[in-house]
Amino acid sequence: MPIYMDFHDLPDGVTAAHVAEMHQADLKIEHKYNCRGLTYWCDEKRQTAFCLIEAPNEQAIIDLHQKAHGAVPQRIIEVNDTIVESFLGRIQDPEKSQNTKLNIINDPAFRTLMVVIIKNKNLRKSGYNTLNAAIRGYNKSITNIIANHKGRIVKEKSNTYLMSFDSVTNAMKSALKIQDIYNCVITPDLQFQIGISAGVPVTNKESIFKDTITRANYLSYIANEKVMITKEVKDLYVSENRQILTDDSDKFNSLNPEDEAFVNQLMEYTEKVWSYSNISVTDFHKNLGYSKSKLYRTMIAVIGESPNSFLKSYRLNKALKLLEKQASNISEIAYQTGFSSPTYFSKCFYEAYGILPSKFNKLYLETNE
């Protein structure tokens, strides 16, 4: 049977003990609805609860909750148990709460997510193999850092890592350690980009932690020398440590809500249109609701690039991934990624990576034979 996670917005005054009582009420009659309650998470501070239930369908969960205690969930999504465990650390009750009569679990499902991207900025043969070896070497170091700070690697693919932490402090300390191992090695052609966001597993999206993952991905994409964090992450750090960022404040860049909203809007729009060659900066400022001059100023201040440069870099990044997949020839990739011609694409690719796409194709094949 499929596994679902539901979300309950708890009324004022409802405690973890109350949630435990409701959970026990579910367990008493769950067999009548062909359901099996696996565990739950309760957060008294944020007044939220999330149940993990094996059930034939969503309606069975609603009927079960309605009959057991009347607290119908605000949202239900289907999840994968392995993914849930990767993010939240468990898919059953914590050991300390097992075999107790009420089984009170005051364990928030709120998580801090970090995305780390390692980019190779120089694809020429002289440095390609050396830098790839350096990236592989970082893998073990990053894995150890995450484990030492009570984090979990949820996903690792194409030199991109998605990690989950129970606390903002551990996430930010991990980010600093990752930056340290990068800075200790002379690898100027590598670029580490780190973004940190925080949130709950179930929102109005169809998959677990979708909103939080998206924000962390967006932040890592625009990150440069500093770790990009949301204002919420910064405020949570202050709350957890009862102090402001001091010695390491210059290593983090916290976006204000207005700039964060702009980044989300920009990235969402770019994801929709990047492959169309007829898209220009004019389309950006019209669809984002900015004048041409304000869009330029905002892009430089927040992203560090002009609109034209940002769109070209985004397309080149997509093109590089396609070249690595060997999915199409160079001309096809040029048009697929929104470039007006293969010649112009090759010129832009060379300026960005120091090698023509045709030569990179051969180099990649030789390296991966």
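This is a predicted model: local features need pLDDT of at least 70, side-chain atom pairs count only at pLDDT 80 or more; totals for chains, interfaces and linings use all residues.
Residues are numbered from 1 along each chain as its sequence is written, and side-chain values use heavy atoms, with hydrogens and water left out.

The overall picture comes first. The protein comes to 14 helices and 10 strands; helices (H or I, at least four residues) and strands (E, at least two) are DSSP runs, numbered from the N terminus. Its C-alpha trace spans about 70 × 45 × 40 Å along the principal axes. Of the 369 residues, 48% count as buried, where buried means under 20% relative accessible area, exposed over 50% and partly exposed in between, with a 1.4 Å probe and protein chains only. Among contacts with a separation of 6 or more, 71% are accounted for by residues 24 or more positions apart; a contact means heavy atoms within 4.5 Å.

The interior may be considered next. In soluble globular proteins, nonpolar side chains tend to be buried together. A nonpolar core is here a set of buried Ala, Val, Leu, Ile, Met, Phe, Trp, Tyr and Cys residues joined through side-chain atoms within 4.5 Å. The largest such core has 30 residues, and those with the most contacts inside it are Met114, Ile118, Met163, Ile178 and Ile196. At least two residues of this core come from each of β5 (111-120), α4 (125-148), β7 (160-165), α5 (168-183), β8 (190-199), β9 (227-229) and α7 (231-241). Helix α5 supplies the largest share of this core, seven residues. Apart from this core lies another, of 26 residues, which includes Leu266, Tyr269, Met299 and Tyr314.

Two residues show the surroundings in more detail. Not counting residues up to four places away in sequence, Met114 touches a set of residues that includes Tyr161, Met163, Ile178 and Ile196. Tyr161 counts as buried because its relative accessibility is 2%. Leaving aside neighbours within four places in sequence, Tyr161 is in contact with Met114, Val115, Val116, Ile118, Asn139, Ile142, Lys155 and Glu156. Tyr161 and Ile118 are 43 residues apart in sequence, and their C-alpha atoms are 8.8 Å apart in space.

The packing of helices follows. Two packed helices are described by the angle between their axes and the distance between the axes. Axes are lines fitted to C-alpha atoms, for helices over the stretch in contact, and angles run from 0 to 180 degrees between N-to-C directions. Helix α8 (residues 257-273) packs against helix α10 (residues 292-303) at an angle of about 105°, with the axes 11 Å apart. The two helices are therefore roughly perpendicular; angles of 65 to 115 degrees count as such, those under 35 as roughly parallel, those over 145 as roughly antiparallel and the rest as oblique. In this contact, Asp259, Phe262, Val263 and Leu266 of α8 meet Leu295, Thr298, Met299, Val302 and Ile303 of α10. These residues divide into seven nonpolar, one polar and one charged, where Ala, Val, Leu, Ile, Met, Phe, Trp, Tyr, Cys and Pro count as nonpolar, Asp, Glu, Lys and Arg as charged, and the others, Gly among them, as polar.

Further along, Asn361 has its place in helix α14 (residues 357-367). This residue counts as buried because its relative accessibility is 15%. Asn361 touches Leu323, Gln326 and Ile330, not counting residues up to four places away in sequence.

The loops complete the tour. Most residues other than glycine have a negative phi, and most peptide bonds are trans. Gln47, in the loop between β2 (36-43) and β3 (48-54), has a positive phi near 55°. With a relative accessible area of 25%, Gln47 is partly exposed. Lys150, found in the loop between α4 and β6 (151-157), has a positive phi of about 60° although it is not a glycine. Lys150 is exposed, with a relative accessible area of 64%. Tyr276 lies in the loop between α8 and α9 (281-288) and is partly exposed, at 47% relative accessible area. Leaving aside neighbours within four places in sequence, Tyr276 is in contact with Arg315 and Gly338.
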